[in-house]
Amino acid sequence: MQRVKVGVIGCGVISGIYLKNSTRVFDHIVEVVAVADLVPELARKRAEEFNVPAACTVEELLANPEIEIVLNLTAPAVHASINLQALAAGKHVYSEKPFALNRADADEVIALAESKGLLVGCAPDTFLGAGIQTCIKLIEDGWIGKPYAASGTIMMGNYAEGIHPNFRNFYKLGGDPLMDMGPYYLTAMIAMLGPVRRVSGSAQQLYEEITVKNPKSPSFGETVRVGAPTNVTATLDFHNGVVASLQAAKEGFGYKPRLEIYGTEGNLSVPDPNLFGPVPDFESELRIQFSSSETVTMPLTHGFKEDSRGIGVADMAYAIRTGRTNRASGRLARHVLDISLGIFEASEWDRHVYIGSTVERPAPLPLGLKYNSLEP
């Protein structure tokens with residue numbers, strides 16, 4: 001199968017794992033030919049590190065006729081605008097999450113793509129990993145009976161340490177816990193349970209500003225405005241009748257992820273949706289507690305248990321070559337965005353919010369795939 005040429009816009013921290021996997025794991029289907037960043041030195045460093053032929057400007061990358069997919073790894077505030085530029089240039093586009101910061105921008109991206117016959121994709125793609133794919137298989141095969149409830153929790157430390165190079169972004173909309181970490185959980189739930197019908201929730205902001213207290217930080221003593229909720233709790237009603245709760249906060253300490261699906265015949269402990277596979281001794285193993293009270297650690301049915309970020313781009317490349325729909329699609333990301341904004345609105349309006357969008361569950365990956373392949 002002819003490889004699909006990819007250009008990467010945004011060479012910050014997250015680009016490292018994308019470039020590693022795109023050039024070493026999925027290089028049978030994608031070929032990274034150019035990288036670009038507003039800071040030219042960042043692009044040059046990534047090009048040298050991963051043997052990418054060209055480090056260029058965004059304009060040069062978009063004008064390159066060989067590039068079929070633009071991988072958009074820029075800051076959340078410009079995801080939609082870069083996506084629109086890429087689509088206008090005739091490129092398929094895959095973006096980091098969140099898909100956009102409002103529904104209008106998301107709809108404009110999808111409308112432009114569909115009018116041009118182009119594909120849109122968006123992170124997270126962790127649901128394509130061994131953990132969530134195995135959970136989908138277990139649910140579909142009836143291991144836990146009929147699912148009726150779910151519970152997700154992501155509790156994280158805050159960013160007042162100021163060590164992360166882009167820590168300020170985590171206090172803005174898009175870097176907040178619901179828009180930043182929530183998509184992993186919401187996408188995993190949709191992949192396992194289907195679309196969401198309505199939501200309610202409470203979104204709280206503990207502080208209006210924080211001061212960096214870590215003397216090792218280059219920003220020590222700097223005061224940063226907090227511009228988004230940092231503690232969110234939501235109730236989600238799915239179309240299939242499942243009722244789920246979701247807690248997302250970045251006000252505590254450590255990292256405490258948990259996702260469980262409750263069924264009439266068993267309770268499924270789902271591996272951390274921020275990862276691709278179970279992590280032993282990290283409260284992230286894949287287990288089923290049966291009605292007999294017996295708890296069994298389940299074997300994985302699928303591959304990609306290591307950090308495989310970029311698998312969504314590879315899946316899009318396969319989709320381009322075979323004519324199918326890509327799994328980590330723009331429509332899926334649009335539904336996740338709709339749910340997230342609905343939770344904020346439910347908190348503000350003090351009522352349930354019905355979700356206007358819907359989406360089909362992404363097709364599960366086939367069993368028995370060859371190493372690193374996404375097609376039989």
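Modeller: Let us begin with axes: these are lines fitted to C-alpha atoms, for helices over the stretch in contact, and angles run from 0 to 180 degrees between N-to-C directions. Helices (H or I, at least four residues) and strands (E, at least two) are DSSP runs, numbered from the N terminus. On that basis, H8 and helix H10 (residues 330–349) pack at an angle of about 120°, with their axes 10 Å apart. The model is predicted: local features need pLDDT of at least 70, side-chain atom pairs count only at pLDDT 80 or more, and totals for chains, interfaces and linings use all residues. Residues are numbered from 1 along each chain as its sequence is written, and side-chain values use heavy atoms, with hydrogens and water left out.

Biologist: Which residues make the contact of H8 with H10?

Modeller: Contact means heavy atoms within 4.5 Å. H8 contributes Pro 183, Leu 186, Thr 187 and Ile 190, and H10 contributes Leu 332, His 335, Val 336, Ile 339 and Ser 340.

Biologist: What makes H6 roughly parallel to H8?

Modeller: Angles under 35 degrees count as roughly parallel, over 145 as roughly antiparallel, 65 to 115 as roughly perpendicular and the rest as oblique. The axes of helix H6 (residues 130–140) and helix H8 (residues 182–193) cross at roughly 30° and come within 9 Å. H6 is therefore roughly parallel to H8.

Biologist: Why is the pair of Phe 26 and Phe 304 called tilted?

Modeller: Rings of Phe, Tyr and Trp (its six-membered ring) pair if their centres lie within 6.5 Å; planes under 30 degrees apart count as stacked, over 60 as edge-to-face and the rest as tilted. For Phe 26 and Phe 304 the centres are 5.9 Å apart and the planes stand at 35°, so the pair is tilted. Phe 26 lies in the loop between helix H1 (15–24) and strand E2 (30–36), and Phe 304 in the loop between strand E16 (295–297) and helix H9 (311–322), so the pair ties together parts that are 278 residues apart in sequence.

Biologist: How do you know whether Phe 26 is buried or exposed?

Modeller: Buried means under 20% relative accessible area, exposed over 50%, partly exposed in between (1.4 Å probe, protein chains only). Phe 26 has 0% relative accessibility and therefore counts as buried. Phe 304, at 14%, also counts as buried.

Biologist: What describes the pair of Trp 143 and Phe 290?

Modeller: Their rings are 6.4 Å centre to centre with 45° between the planes, which is again tilted. Trp 143 has 40% relative accessibility, so Trp 143 counts as partly exposed.
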